[in-house]
Amino acid sequence: MDVSGDDRQIIYLHLPCLPIRRMARVQGWSLEEKVGLYQREKGADRLVYLSAEARADGVQAGLSVADARARHPDMRFAPVDHNADQALLTAFARWAFRYSPVTGIDADGLGIWIEATGASHLFAHATDFHDTDADDTDSGLKAMCADLYRQISQTGLRASIASASTFGAAFALAHYHRDVSAQPVHAPARRARMREALADLPLAALRLPLDILHALSQAGLRQISHLYPLSRADLTARFGPDMVLRYSQLFGDQPDSQIPVQPVQPVAVTKIWAEPVMGYEALCHMVSQLTAKMAERLLDAELAARSFELGWQRTDGQVSCLLFRLSRPGRREQTLQRLIAGAAEKIDAEFGVEYSWIQAHELTVDVPVTALLGTDQDSLQASQVSDMVDILAARLGPDKVQRVVSQSDWHIADSQAYQPVADVTDKTGQWSMPVLAGLASPRPVRLLDRPEPVKVVAMMPDHPPAMIRWRHYNWTVLRATGPERVGPRWWDPNRTDRLSRDYYRVEVEDGRRLWLCREGLVERGDKVSWFIYGLFS
Amino acid sequence: MLRLQIMQTTYFKSSVSDGLVNGSSDLIQGGRGGYISPSCKASRFSELKTQIRQADTARSFPTLQLKVDRFDIALSGGLRFGHVHLMTGRSFDGAATGFVLALLRLMMDQDTLSPVVWCSPSHAGHAGHILASALPALGVSPSRFIFVHDQHPKRLMGAFEEVLQTRGVLAVVGEYGLFARSADTWQRWVRRTRLAAKTGGTMGLLLGPPAPVSGFETGWHITTASADLFAEREGLQTDWRPYWSVQLTYSRQGTPCADKLIYDGLTGQLQSAISRPDKDGQASQLRVSKPALLASISA
């Protein structure tokens, strides 16, 4: 995979605490404990990775385990398991398919990379990062990095994220930039500005072996900016071609090949029946058998799926299928059985089913990233709520289980929209809560499906109502507040409303509080009509 | 299970007595040949009732305190999770909805993560539907809600029952509309929801017009308070805080109770507008404290 080029966008995600966090999870250790992971080096077990608490206590990498145990008896030790760490990194890289189809791992650097070229503009709708001077790609890249940072932070894992036009630059910034632990860092695309951004980084950012780093240090070269005045021919003669290769790769002068992780393969279970399957109980058994097999396959492949297709072929050759969708990736047999429980009722077997199958779509790593490392109660509860949402969506239809999102529209009826619950853990589209709830604009808790015309008596044409007649009610208004004037959408040629509206909140004699609207302006000579829109609490 | 066994035993005894005693109301046959006098029968029933009560309270659920002494005492501590509560109101009045939202706010202050599921018909006609823009003013975040919309009442109430069985849901609100019209269906469904709520430990709140309260843990009737009392409050003509007449019409573990409450969306607190009884036994009206926002501005 060639990831060089000036217009490339590479995101590097560095996870320095990943081995410690994984080991703590495996061993059941608390995250507040002092933990050190060691490996055999030069005949001694030496510490390689340390938890933040151990570092804070003065323990340093490279210290032998015997010394560390003598100084800190309460410290916990375990050998490094590079294969398990690499597997977890691969899981992270597959999880990152949500950002780009091309992702990979950097096992030595404890990170993953994401090829964001051609994908970042899809995130440009995130308004927080929309810059009028920048194009969609830049704002999309920033939004993508911010989302990635937020998702990883939810796990409590420390992450450093950087983006640049080359893999080497993204790696260097993610590992060694001083501000990268607080927020994502973005290297400018232009070469001159990128040189400035990388100038202060140490030479270790070039991914060089220790002996070359030592030689560079002896020559007084400690920062990348120290290499700028030197010619590459001189550097090659003094430090060898490997060093210059890394230096060239930093700015994209040489290709930097990285191997992406393989996308997950589709999973399907098929069954050809010796005898045509017919009858409700036999069909139930058929569906149950296929579902159990699918759950087993997904478990073996360490995958989860968002949607499933149950298909069957009748003896007369007719092929039909049913689709089922989960609100979050799942593979538990119990969940799948409940999801597909009612499928047998919907199968019209006629003279029997001779061939049936179940396919899993939208495959991903088995669980969301929050569950890759988390064992918290929230994750468990979220999975139970997800199951409930899936069952209701399968029973009633996906458009019947919804959540409400705010719309930037002054018209009250259009100020909210419902959308299907795709993911219960998705926090996008959240409502902003007012700092002082009492200062928010008054809105009725119940809005009528359609405004109802009412007859109103007012002291003056532009005054609030004094008496209301609606259905069999005759109400005297005790007090009213308003108006809140909302004009028509004058900029929209297809608008249906052409008159301004004045909204009043009124309280009538029996205590009811109503949301009334006067359509049309008296001062303009419009024909005025009154409507009841909603009910206050 | 215990209740089922008791019901089966009672049925067995009464069926045997009908067959053998045949018209004699003085004595009934119980078990294998022994007769039980009415007094013994009464004491046996009282014993069974005690056992049922003990079985019910054996699995204790947490309670939600309304922080209004009168109601908390009447409810024997608060509104219990793991049960279904009936909230009724009059037509074209948002008070019952507001009271339910106030309860949800109290719950959300304690649990900041779990979602609330709101089951309502897609088109509720003149009852209208909940407006999410109004919730922030009551201190409730619309992001915490999952809405289940279906026009068919049986499917909708089935969804309500399904959600009740789910752990991890803070509360589920169901708008039953005209579902309570059929008494048989309603009673059967109420019994099912009781079992479902105990399975999931979720609080169920049913919202709608007046309906039979039998089988619920508590029954409430909420209306907007009449304007008489409100007009007497001095200097608060600009106070539009929700003001409700709340009646606890039925409580299985407590006693009925009524009070007038003011809800402050800023603090999320319910305040009683009526004080304790005076010496002569009349409930006197308290001067309601100024709303927190007005107080802060005047300060």
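1. Basis. The model is predicted, so local features need pLDDT of at least 70 and side-chain atom pairs count only at pLDDT 80 or more, whereas totals for chains, interfaces and linings use all residues. Residues are numbered from 1 along each chain as its sequence is written, chains are lettered from A and ligands numbered from 1 in the order in which they are written, and side-chain values use heavy atoms, with hydrogens and water left out.

2. Chain A overall. Chain A holds 15 helices and 20 strands; helices (H or I, at least four residues) and strands (E, at least two) are DSSP runs, numbered from the N terminus. Of its 537 residues, 47% are buried, where buried means under 20% relative accessible area, exposed over 50%, and partly exposed in between (1.4 Å probe, protein chains only). Among the contacts in chain A with a separation of 6 or more, 59% are between residues 24 or more positions apart; a contact means heavy atoms within 4.5 Å.

3. Size of the interface. In chain B, 67 residues are in contact with 57 residues of chain A. The area buried between the two chains is about 5200 Å², with carbon and sulfur atoms giving 59%. Residues B:F92, B:L131 and B:W240 lose the most area on the chain B side, together 17% of what that side buries. Buried area here is the accessible area (1.4 Å probe) that two parts lose on being put together, summed over both.

4. In one salt bridge, the side chains of B:E175 and A:R446 meet at 2.7 Å, N to O. The side of chain B that touches chain A draws two or more residues from each of α4 (95–110), β7 (129–130), β8 (145–149), α5 (153–164), α7 (227–232) and β12 (243–251) of chain B. That side divides into 35 nonpolar, 23 polar and nine charged residues; Ala, Val, Leu, Ile, Met, Phe, Trp, Tyr, Cys and Pro count as nonpolar, Asp, Glu, Lys and Arg as charged, and the others, Gly among them, as polar.

5. Strand pairing between the chains. Strand β15 (residues 446–458) of chain A pairs with β7(B) in the antiparallel sense over two bridges; two strands pair if DSSP finds at least two bridges between them. The bridge partner of A:L447 in β7(B) is B:H129.

6. The hairpin of β16(A) and β17(A) has two residues between the strands, and A:R471 in the turn has a positive phi of about 55°.

7. The mixed sheet. Five strands of chain A form an open sheet in the order β5-β6-β1-β7-β8, with mixed pairing. Its edge strands are β5 (103–106) and β8 (185–186) of chain A, each pairing on one side only. β7(A) and β8(A) run parallel and are joined by two bridges. A:S163, in β7(A), has A:H186 of β8(A) as its bridge partner. A:S163 counts as buried at 1% relative accessibility, and its contacts include A:I10, A:L141 and A:V185.

8. Helix α1(A). Seven of the ten residues of α1 (residues 18–27) of chain A are buried, so the helix is largely enclosed by the rest of the structure. The buried residues include A:R21 and A:R22. A:G28, which follows the helix, has a positive phi, near 75°.

9. Salt bridges within chain A. A:R8 and A:E115 form a salt bridge with the closest N and O atoms 3.7 Å apart; the two residues are 107 residues apart, A:R8 in the segment before β1 (10–14) and A:E115 in β6 (residues 111–115) of chain A. A:R8 is partly exposed at 21%, whereas A:E115 is buried at 6%. In the salt bridge of A:R518 and A:D502, the closest N and O atoms are 2.9 Å apart. A:R518 is buried at 3%, and A:D502 is buried at 0%.

Note on methods. A salt bridge is a side-chain nitrogen of Lys or Arg within 4 Å of a carboxyl oxygen of Asp or Glu. Lists of a residue's contacts leave out its neighbours within four places in sequence.
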